[in-house]
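Student: I have a new structure open and I'd like to learn how to read it. Could you walk me through a few features?

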Amino acid sequence: MRLPCAAGCFLGLLLHTVLLQAGAQQSCSNLCGQSLATCSCQATCASLGICCPDYWAFCLNISPYSGTLLGGKDFTALNVTFDPSSSDVRCRFAETIETKGYVAEDGYLHCISPLLYQIGILSLDISNDGGRTFPWSGAWTAVHHGRVSPLEKSTLVNETKWQYYGTPGTAGNLTLTWKPQTLRATNINIEVWGYNETGTPYSENWEAEWKYLYTLSRSFPNTGVFTFLPVPSAQYGTWELGALRISSSSDLDGQSNVAAIWSTEHALAWHLSEAFRANSSAWATAKCHQWDAEETHLPNFLAELLDCPCTLAQARADTGRFNTDYGCDIDKGSVCTYHPGAVHCVRSVQASPLYAAGQQCCYNANGVQVLTGDSIGGSTPDRGHDWGSPPYKKPPRIPGFSHWLYDVLSFYYCCLWSDHCSIYFKRRPSSGCQRYRPPRVASAFGDPHFFTFDGTGFTFNGLGEYTVLESSLTSLRVQGRTRRASWPNGTEAQATGFSAIAMQEGNSDVIEIRLPEHSHQLEVLRNRKALNFSEQNWMDLTGLFLSAAPGLNVTVMFSSGAGVEVQRSGQLLRLAVLLPEKFLQNTQGLFGLMNGNPGDDLTFRNGTILRGGGSSSPEELFAFGADWAIRNGTSLFTYDTEYLLRHFFFGPKHNPSFVPVFVPAEDPANPLVQQMKTLCQGDAFCRFDVLATGNLTVGGNTKLSHQNYQRLWGSLQPVVSCGWLAPPGNGTKEGTDYLAGSVVSFRCNPGYRLAGSAERKCQDNAAWSGGPTTCLPNAGTRQLLPFGLLLGMLGLVGLAGRML
């Protein structure tokens, strides 16, 4: 299968090298990121020595490079200086939104990030002629407000009090704090801004709006602390969601796109109308019923959501489709304020295709789901995905804020400000896991050893660049580059391992994760330019999300649900790819055909199958791997050093002169052998790598990688669920585990007798044993009318935020 060459392939590099010596140079003015006829304005030009002379004069390096989508961040272009008297500086974001910039006394240019309704890496263009031309170029990263560092925001001291203000027992002064040095102003204004979405839901006239409402204080000293006594707002008391903005007192009230510090978005209980303070429960009850009625007329988004994983192990392993919900994280102490009984929650990475809705799944200490049918701590799906959804800009795809309007405020109405949580859970019930199907996993590690999607294990230690995976279903490509491993003394061994992994799906950004020469730290490239993780570890890119532990591991989550994990393992890389079941019968490459049949995993490009599979001879496996060498026309890799050009771009994609050690010798007289046996025990891959490289560290890393693969594979095994069981009317149930082998028992309240099964067991066929259970009144007993009382709600305090 030959796929089209990615934009910016380096087929013209040789021509550029010739032209560089031939004559006239071109300019990077307004052309940053492009390759020109005689020189280059791409980020790779510096290491290759082919930059246009004015590359650094026009292609900007920005610091800081990221900030909240609410705007107000003052940032600097580090590599360009202007005349301090310049007054016509304009900064253009995403080719559409212009703000006024300025030149500081030191000559450095500054821009102020604007209010946006989208996140991700956006184009940035600079003008010094009032916007007539924009010759300078760079990039700005707009970030979900919830992912911005708390140090960059103002703090609502005792935030619970702010959001419960006006409810019984909550009154008095409120305090706002901030870092004065963040804003260059002697005096500041503190403003109230509100958020709303207007128009007909799911129509073209559905619009998002952040609006200036009023000013709390003008020309207040920039001391970092402001305390006030809230009063109900007669004019703006209907705005229920918003944030506070601190800006210089020299700015006009509500002036857009000025340097500012924002608070977190929150429920504006402290400024709501007198009616709320007079009887907050009655006010919230009416709002809850109003929301319930409105939901009746909106599309049912629940049907298109992906079911939750059945177990915590599955949820944490399915990294292509689910990611940790930062409001309930087991790695951060399981502070799950809004999900009592849970220790960890995850959210679906991608929003649902039609309605941009989101899934949430929570789990208890036993690793099983916490459901709203059993507990107020159960997970709830979202009409608006908390992380938003491309192309953003319009409801319900606005990151964070759409979710607040449709899923969080309603939780306040029904659950926190009144006792009608049953209404909320009726509209936001937990998803079960009966339709969940775990992804298939393939992995490669060490010298390199492969496990295909169908479980075939083999070793292929060629030297070159290879197709690890291709799929025509979504035009997904994953490619791997190998380099020679080293002996302890630094000399090269007759063994190889992955040093770079490149990937793309459809028209997504191209991501390359590599270990540069003479380095053991991961470098991540986006479209051939290195990503900077000094400010953000989570990035929303074109066609994918990317999460990184800088220097250690990277997870790429494609829009199809495919996940790619790359981890540094000593001097080599470990790779794992997870694919949903929709990729069945649609894969090829070194990871094989994913169809449940290991017998056809090792298939050559021409369709010939290596019938011996993983048991074939090392020479046969070597020939199979060599057949999957890539071509320059399909390469996703970056060739930005003389070494890479010489050995991989101009050299063969599979080096035929390199012959690895197929069967490393095991000499009992060699002291290393006994050390190997102690370290590796029965791990054949570990033993192979120690003998092939003479390096116990390499072998130890291979053993750990093998164990990681086995744990991942085990976590992703299918689990049978029989589905939720309701307690009988006038009775109770014991047991909230609905997976195969679990038992749920039932009891009746005093005055009632049990009819049907007293206990039911979840069977391997996904059906419950026994039959329905009911509680009938005893003879002569008057049956009481049922009443609905949701236990435990009075104890639920704190913030709702995005922890729902």
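Predicted model: local features only at pLDDT ≥ 70, side-chain atom pairs only at ≥ 80, totals over all residues.

Student: What is the order of strands in the open sheet?

Tutor: Read across the sheet and you get S1-S3-S7-S6, four strands with antiparallel pairing. At the edges sit strand S1 (62-63) and strand S6 (102-103), each of which pairs on one side only.

Student: Next, disulfides. What is the general idea?

Tutor: A disulfide is a covalent bond between the sulfur atoms of two cysteines. In this structure, a search of the whole model finds 14 of them.

Student: How far apart are the sulfur atoms of cysteine 39 and cysteine 52?

Tutor: Their sulfur atoms are 1.9 Å apart, and the two cysteines form a disulfide. Turning about the S-S bond gives 85°, and the link of cysteine 39 and cysteine 52 is right-handed. As for where the ends sit, cysteine 39 is in the loop between helix H1 (13-20) and helix H2 (45-48), while cysteine 52 is in the loop between H2 and helix H3 (55-58). The two are 13 residues apart and link distant parts of the chain.

Student: Are cysteine 39 and cysteine 52 buried or exposed?

Tutor: Both cysteine 39 and cysteine 52 are buried.

Student: Let's take another one. Where in the chain are cysteine 288 and cysteine 414?

Tutor: First the bond: cysteine 288 and cysteine 414 form a disulfide with sulfur atoms 2.1 Å apart. The torsion about their S-S bond is about 105°, so this disulfide is right-handed. Cysteine 288 belongs to helix H6 (residues 280-296) and cysteine 414 to helix H8 (residues 401-416), so the pair, 126 residues apart, links distant parts of the chain.

Student: Why does cysteine 414 count as buried?

Tutor: Cysteine 414 counts as buried because its relative accessibility is 0%, and buried means under 20% relative accessible area. Cysteine 288 is buried too, with a relative accessible area of 0%.

Student: And what is the handedness of the disulfide of cysteine 722 and cysteine 762?

Tutor: A disulfide joins cysteine 722 to cysteine 762, with 2.1 Å from S to S. Its torsion about the S-S bond is about 90°, so the disulfide is right-handed. Cysteine 722 lies in the loop between helix H14 (696-715) and strand S35 (731-734), and cysteine 762 in the loop between strand S38 (759-761) and strand S39 (773-777), 40 residues apart. Both cysteine 722 and cysteine 762 are buried.

Student: Last topic: how do I find empty space inside?

Tutor: Rolling a probe the size of a water molecule over the atoms shows where empty space is left. Here the count comes to three cavities of 30 Å³ or more. The largest cavity holds about 140 Å³ of space.

Student: Which residues lie nearest the centre of the largest cavity?

Tutor: Ala142, Val143, Trp538, Met539 and Asp540 do, out of 14 residues in the lining. By class, that lining has eight nonpolar, four polar and two charged residues.

Student: Which strand gives the most to the lining of the largest cavity?

Tutor: S30 does, with four residues. Strand S8 (120-127), strand S9 (136-143) and strand S30 (538-541) each supply at least two residues of the lining.

Notes: Residues numbered from 1 in each chain as written. Heavy atoms only, no water. 1 Å grid on protein atoms, 1.4 Å probe; cavity = no way out; pocket = protein on both sides within 12 Å on 5 of 7 lines; lining within 4 Å. Points joined across faces, edges and corners; volume = space filled by probe spheres on them. Nonpolar A, V, L, I, M, F, W, Y, C, P; charged D, E, K, R; others polar. Pairing = 2+ DSSP bridges. Disulfide = S-S within 2.5 Å. Buried < 20%, exposed > 50% of the residue type's maximum accessible area, 1.4 Å probe, protein only.
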